[in-house]
Amino acid sequence: MSNEIQPVKQKNFSVTLLLCFLFGGLGVHRFYTGYTLIGILQLITFGGLGIWYLIDNMSLILNKFRDSKGQELKGYNKYLSYVIFAFLILIIVFINLITWGLFD
């Protein structure tokens, strides 16, 4: 028997960010990073009615999100983060414009 410690495989940043952006309201990115219980809670509450979704996206964009073992995500991509951030801002502005009736 070998007493070697096997390194834990890091989760990919780009995969996590895209899962969060596209399916964050369902907690898919939490399942991917090993947070099963939080993933179930996000699935039931639709991402905390959007609040949890925004917080997770921002923590990913700022590279503060860790997997369930406390490791940083592999391959942080600053430019992909900026693109996703821009899309989030555009979506929020678009939803507000529709809500305020500016597209009537």
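Buried means under 20% relative accessible area, exposed means over 50%, and partly exposed is anything in between, using a 1.4 Å probe and protein chains only. Keep that handy for the tour.

You're looking at a predicted model, where local features need pLDDT of at least 70, side-chain atom pairs count only at pLDDT 80 or more, and totals for chains, interfaces and linings use all residues. Residues are numbered from 1 along each chain as its sequence is written, and side-chain values use heavy atoms, with hydrogens and water left out.

First, select I51. Helices here are DSSP runs of H or I, at least four residues, numbered from the N terminus, and I51 sits in helix 4. Is I51 buried or exposed? Exposed, because its relative accessible area is 56%.

Next, colour residues 35-55. This span is 90% helix and 0% strand, with its end C-alpha atoms 15 Å apart. Compare residues 12-29, at 72% helix and 0% strand, whose end C-alpha atoms are 11 Å apart.

Then go for the largest nonpolar core: F13, L17, C20, F21, Y53, L60, I61, F65, L73, I84 and L88. Such a core is a set of buried Ala, Val, Leu, Ile, Met, Phe, Trp, Tyr and Cys residues joined through side-chain atoms within 4.5 Å. Helix 1 (13-23), helix 4 (51-61) and helix 5 (78-99) each give two or more residues to this core, and helix 1 gives the most, with 4.

Last stop: I61. Leaving aside neighbours within four places in sequence, I61 is in contact (heavy atoms within 4.5 Å) with L17, Y76, S81, I84, F85 and L88.
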